[in-house]
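Have a look at the structure before reading on.

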Amino acid sequence: MKKLVGIILALSLCLSMAACSNDKQETAADAAYTAGTYEAVAQGNNGDVKVNVEFTDSQIKSITIESKETTGLGDTAMETLKEKVLENQTLAVDTIAGATNSSKAFLSAIEDCVKQANGDVEALKNKEISQGEVKEETLDVDTVVVGGGAAGMSAAIRAEELGQKVVLLEKMNFTGGAISISFGNQVVTGSELQKEAGVTEDTPEAMIADFKANGANLNVDELVSLLAENVGETTDWMNAYVGAEYNMEEGLHKLAEYGIDRELQFAGKGAGVAKTMKEKLEQEGIQVLLNTKATEIIMKDGAAAGIKAAADGVNYTINADRVILATGGYGNNKDLLKGEIANALYYGPESSTGDGILMATAEDVNAATRLMEYGKRYPNGIEVSEGHAKSTIGGNIAVFNMSAILVNNEGKRIVNEKSSNRQILEAELAQEGQMGYLLMDAANFETFLSKLPGGGISEEQVNEWLANNGSKAPYFMTAATLDELAAVAKMDPETLKATVERYNGFVKNGKDEDFDRPAANMTMEIGAGPYYLVEQKPRFASTMGGLVVNDHLQVMNTNDEAISGLYAAGELVGGVMGDDSPSGANNAWALTSGKLAAEFAAEK
């Protein structure tokens with residue numbers, strides 16, 4: 001009997017162990033991931049984006065990010081995406097407009113980690129984020145500012161300083177706009193900083209003359225005068241009140257557009273000043289609604305009385321005595337582009353879709369526009385995707401102080417490389433295919449390459465383009481000798497070699513007999529290879545046209561009447577630059593007009 005009981009107990013124990021084993025197997029099979037921490041790297045806008053992702057067996061637990069993406073732009077976008085991935089346990093999240101490359105790199109690296117953890121990538125890509133109930137919310141303020149770029153932040157900061165209750169709306173998930181991706185140059189005529197840098201003879205009249213010469217005399221007189229007479233005070237306000245630092249060590253820039261040195265660069269470039277202004281908004285307690293798109297100007301009895309806006313889960317009605325539109329340009333809206341800029345490569349923010357133009361020209365507002373066919377075209381673009389460019393200007397500036405030259409597709413030199421952007425652009429536009437090539441020796445290319453990350457071009461990208469060696473855009477070509485390089489570029493080798501020999505002769509003699517490049521910028525001959533050719537195509541970032549405003553930045557309707565309560569600032573305003581803006585002008589106008597719009601609006 002005892003023996004039978006023992007057998008039964010043993011069988012029960014075996015069955016129990018088998019059941020436990022099956023439970024463990026079923027639990028392992030049900031696990032969504034193999035728990036652990038995994039690392040992946042993807043190519044971002046400024047280089048590698050590295051993520052470390054920690055998984056439990058059922059969820060994505062944590063994500064850490066290492067990158068050199070633009071401060072306040074790419075890094076902010078990735079943090080936003082990180083929160084969405086963790087909160088919703090999904091990869092079905094949209095890239096952040098204005099930081100597409102950073103977003104794609106982040107999501108690609110996360111996907112790689114999911115694969116390493118044996119997760120179901122496709123299931124995560126198809127797992128939708130649940131949409132909650134949409135709430136209606138009303139805000140009552142003195143001033144609503146639409147657009148969180150340089151003009152909008154300037155307006156909001158100044159309005160709050162003047163005692164206004166302010167709300168700033170920004171449709172992106174970050175403030176900064178175009179200035180945050182710029183090189184951060186600014187005209188500073190009449191400022192204390194210009195005097196500290198050694199220039200005391202600049203005047204508004206001299207600045208106006210240079211602006212009009214650069215803008216083909218299409219500039220609106222009252223607007224260019226408004227800028228010239230107020231940019232100095234704005235510069236000092238930015239420095240003393242907002243806390244923006246300028247690169248005084250580098251000092252004023254010498255530029256062909258200006259007869260007097262009047263441009264400084266922000267410390268930390270455009271991203272640096274955007275960060276400073278964001279910190280000032282926070283310091284002053286100004287309400288900023290990100291991811292909030294203005295959809296309509298509220299009109300009452302012919303006057304602007306607020307803004308309707310939409311965010312995730314919230315529809316806003318913002319009642320305000322004053323509306324300041326600072327929504328930027330329209331370069332990324334093909335429906336609004338006219339004339340030559342409709343066919344130029346676009347380089348500006350993805351957010352420049354003309355929202356302010358569309359709202360203000362609605363039937364009940366009836367705002368007027370002007371100069372919509374003009375945009376600020378630059379001569380130094382490379383076509384990184386269809387219709388879109390990146391800039392090599394940082395590299396160009398450096399190597400034009402060495403021995404780099406610009407040639408056409410025949411191998412002939414086309415321009416004084418140290419002339420103004422406009423003159424270089426015109427030379428490129430005159431060539432077949434409206435493009436030129438930057439010709440460099442090995443020493444120049446090394447310097448050129450080191451300066452490109454500032455324009456969002458990484459060494460990894462350049463190496464990829466060089467591997468294509470002219471087979472597709474962007475055209476980066478290289479060869480050990482000039483003969484071989486000419487063959488790659490389908491140029492006549494004798495013509496290319498003669499061009500180099502002639503230029504080197506000018507260097508030896510200290511005089512450029514063809515284009516009058518200054519001797520100070522011809523101190524080096526084109527030397528040893530390997531040699532390089534890099535495409536140079538017209539690109540544009542800023543639009544020159546926009547809303548018609550008066551000298552108090554009030555928006556005018558099509559009957560040439562000021563619309564009460566409605567003001568505009570920054571790139572949204574048409575006419576100040578004419579058909580082309582000189583270096584440092586757009587940032588100067590954004591900051592100055594934003595500040596002035598707040599001051600004029602406060603008088604209402």
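Two residues are in contact when heavy atoms lie within 4.5 Å of each other. Keep that in mind as we go, and remember that this is a predicted model.

We begin with helix α9, which runs through residues 269-283. Its 15 residues reach 21 Å from the first C-alpha to the last, close to the 21 Å expected at 1.5 Å a residue.

Which residues of α9 are buried? They are Gly-270, Ala-271, Gly-272, Val-273, Ala-274, Thr-276, Met-277, Lys-280 and Leu-281. Here is a handy idea for looking at such a list: an α-helix has 3.6 residues a turn, so residues three or four places apart point the same way.

What covers the buried residues of α9? The elements in the table are among the cover.

| Covering element | Residues |
|---|---|
| α5 | 150-161 |
| β5 | 166-169 |
| α8 | 221-242 |
| β8 | 287-289 |
| α17 | 585-602 |

Now step back to the whole chain. It holds 17 helices and 22 strands, and its C-alpha trace spans about 120 × 70 × 45 Å along the principal axes. Of the 604 residues, 54% are buried. Among contacts with a separation of 6 or more, 70% join residues 24 or more positions apart.

Finally, the surface and the charges. The chain exposes about 25,800 Å², with carbon and sulfur atoms supplying 47% of that area. There are 50 positive and 89 negative side chains, and the centres of these two sets lie 4 Å apart.

Definitions and conventions. Residues numbered from 1 in each chain as written. Predicted model: local features only at pLDDT ≥ 70, side-chain atom pairs only at ≥ 80, totals over all residues. Heavy atoms only, no water. Helix = DSSP H or I, 4+ residues; strand = E, 2+ residues; numbered from the N terminus. Buried < 20%, exposed > 50% of the residue type's maximum accessible area, 1.4 Å probe, protein only. Areas by Shrake-Rupley, 256 points an atom, 1.4 Å probe, with all protein chains shown as cover. Lys, Arg positive; Asp, Glu negative; His and termini not counted. Charge placed at Lys NZ, Arg CZ, Asp CG, Glu CD. Expected span 1.5 Å × (residues − 1).
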